[in-house]
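The following note sets out several points for a reader who is new to protein structures. Please keep the sequence and the three-dimensional view at hand while reading.

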Amino acid sequence: MKYLDEYRDGDIAAKIVAEMRRIQTRPWVLMEVCGGQTHSIVKNGIDQLLPEGVELVHGPGCPVCVTPLEMIDKAHAIARLPDVIFCSFGDMLRVPGSDGDLFTIKSSGGDVRIVYSPLDCIKIARANPAKQIVFFAIGFETTAPANAMLAWRAFEEKITNVSLLVSHVLVPPALEAILASPENRVQGFLGPGHVCAVMGYGEYLPISARYKAPIVVTGFEPLDILEGTLMTVKQLEEGRAVVENQYSRILNQTGNLPAQQLIAKVFEVSDRKWRGIGNIPRSGYRLRAEFAAHDAEKLFDVAEIATLEPEICISGEILRGIRKPHDCPAFGTLCNPQHPLGATMVSAEGACAAYYAYGRHLKPRSADALHRIDAVPVAAATGDRA
Amino acid sequence: MAITEETPQPEPAASPLFGSCPIPIFEHKQIVLGHGSGGKLTADLIDKIFLPAFRNPILDKLDDQAVLTIGDSRIAFTTDSFVVTPIFFPGGDIGRLAVHGTVNDLAMSGAQPLYLSAAFILEEGLHVDDLRRIVESMRAAAAAAGVQFVTGDTKVVDRGKGDQIFINTTGIGVVPPGVSISADRARPGDAILLSGYLGDHGMAIMSQREGLEFEGAIESDCASLHTLVSAMLATPSVTPDFLHCLRDPTRGGAATTLNEIAKRAGVGMLLNERAIPVRESVRGACEVLGLDPLYVANEGKLLAIVRADMAAAVLARMRAHPLGQDAAIVGEVVADHPGMVLMKTEVGGTRVLDVMFGEQLPRIC
């Protein structure tokens, strides 16, 4: 397929890996930030192509995975109401709340619909004037413009029966939270291509500089990921830590300005809880006060809902790159995609689901390598060559 | 019918690991759509509800059809219900599907399909012209396949209690002497053959259902495969049983079908992604929607497990048939990793192809 096959060529892949092997002198731990990248890595078996000692750990960039249980319970409470049509992106339907998932609610009579675009809610609202249409607006900066457009149009066109249950999160604060953690093992990042297509990569410059961590904004095809990995390893080997753009065919430093303006009109930055990670200050969006009439959290009585998360599930540590799915006692046994315990098992983009679906036949890549790398503090690892 | 083995789930309440945590969903108390997806949830229903009630040696084989010995004849017998929405789609309609689906289930035993029944469940309000069009389509499909409808039934339900029209068809056919095709006959060394492009039917339905338009219209591959099977069985050979298994990868797609065979036969499989034919338009649509063509339904394709030394000859026969022009050898049966299907990816890695769990869900981004 044009524009895709070029980025899946096995011979070029082998050349990139050979170059990585040539320049690599020591083990490195990199994190791919995006769920789409994790999916591509396991679907294409890229982690097995990498040289021993170049380890990719999976980041917090799966939007379904980081939506807190509490918010999912709120969504379920709303979706159960008789006069509500609850609309959501598809993979959210299987995420378990404290009691069932959206599929269960649908089978009990709730009107739950999968939409491909948030704007489908406008059509549904016009066709069902007596119903309240609630859209579960989740995701990173990538989905924010389309979600913002729904709120904007509902507001402008005075469509009173459309509201959004917003659980939007932002990548840069999550990267900072990972880098600032004393347990952090991650030395360099494959930055989130789709997110940067909207926001540009300017906001990553200070993060890279402050934590001396290379960030290479990377695409999603196998060769994108291999090239992004090579660029990151090269920076680490050379003792550099800057932001580079592997995905220049799609994005630049500025990003999509009209999309950013729309986001700014509709949303404001707020504190957000992340599933498995906890509260991160100024790490998400909420609707601005002008849009209160379209804010599902204000329209429906869900403020009291507060939920604790299963203790066995280590999705929080997986999302921060501290542990891998194979480290979880429930992985593949108590927890599988049919019965997910934590959200990293739910979405195809979640690290656990990706491992289960595509990499289950493989033993974890040498557990002792993990400890070897652990012995080298991040600051020293990036600083000793600077 | 399909079945997969599954690790028994410990009772959540009995697990000391859980303490006071919120208990996730281990068992659905009600039927969810995923129970009809042809994936793990469907297998679960068969395993836990249907098999314990109906168990017998013929049913236990869980092939797509039962093969019954009556007198000197071996009769293939199968049934299938059709509930597709929309009822008319590019490349076919629910009536055509109801003929081909049942004919194919018979054909996958090597049988010559002979007679069909048709049962209609009509929703109050269905346009008679639509019904006429569907029935005409069934007549044409049956004539082309050389089968006759010999019995039937009609019921009408209140508006809102059905979705325009549901059709059940049952079919019987005769299995020729010497032919022995069953999922448990796959052996290490066998070649895996696919009769053509994957995913056409599922993506045709999905693009129609969601009102999505892709460059190059995608049409359902809906077709009766028994003449292709006859052509394959007629490949000259010293012994007639070189054709070990046949399956049409409908719901759950090729990946789920191959998993079922691997588990039934206790063998592993290794596919080669580069060899698997998928149309550009289908690949594109799957990329856009975040779906995997290996899990998308087909209605006119078959997967064949063939003795390795006969693979090239069978492939040549398939390619000479109109429904097998794009056939390819897509992998081999191996002794390693029994019960598991692996695939060598285009870029040179390896991935597991698992059974589909429930519905394939479009990804958020």
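What percentage of the 365 residues of chain B count as buried? The model is a predicted one, and in it 50% of the residues of chain B count as buried.

1. Overall make-up of chain B. Chain B contains nine helices and 14 strands. Consider the contacts in chain B between residues at least 6 apart in sequence: of these, 84% join residues at least 24 apart.

2. Domains of chain B. The chain is divided into domain 1 (29-60), domain 2 (65-174) and domain 3 (183-353). Between the C-alpha centres of domain 1 of chain B and domain 2 of chain B there is a distance of 22 Å.

3. A mostly covered helix. Helix H5 of chain B spans residues 200-209, and eight of its 10 residues are buried. These buried residues are Asp200(B), His201(B), Gly202(B), Met203(B), Ala204(B), Ile205(B), Met206(B) and Ser207(B). Strand S3 (88-89) and helix H8 (280-289) of chain B are included in what covers them. After H5(B) comes Gly211(B), which has a positive phi, near 65°.

4. A helix pair in chain B. The axes of helix H6 (residues 226-233) and helix H9 (residues 311-319) of chain B come within 9 Å and cross at roughly 145°. The crossing of H6(B) past H9(B) is right-handed. On the side of H6(B), the contact is made by Leu228(B), Ala231(B) and Met232(B); on the side of H9(B), by Val314(B), Arg317(B) and Met318(B). By class, the residues of this contact divide into five nonpolar, no polar and one charged.

5. A helix pair in chain A. H1(A) takes part in the contact through residues including Ile12(A), Ala13(A), Ile16(A) and Val17(A), while the residues of H12(A) include Pro222(A), Leu223(A), Leu226(A) and Glu227(A). In terms of residue class, the contact of H1(A) with H12(A) has 11 nonpolar, one polar and four charged residues.

Notes. Residues numbered from 1 in each chain as written. Chains lettered and ligands numbered in written order. Predicted model: local features only at pLDDT ≥ 70, side-chain atom pairs only at ≥ 80, totals over all residues. Buried ≥ 20, exposed ≤ 12 C-beta atoms within 10 Å, placed from the backbone. Helix = DSSP H or I, 4+ residues; strand = E, 2+ residues; numbered from the N terminus. Contact = placed C-beta atoms within 7 Å. Domains from an automatic or database assignment. Nonpolar A, V, L, I, M, F, W, Y, C, P; charged D, E, K, R; others polar. Axes fitted to C-alpha atoms, helices over the stretch in contact; angles between N-to-C directions. Left-handed = near helix turned anticlockwise from the far one by under 90°.
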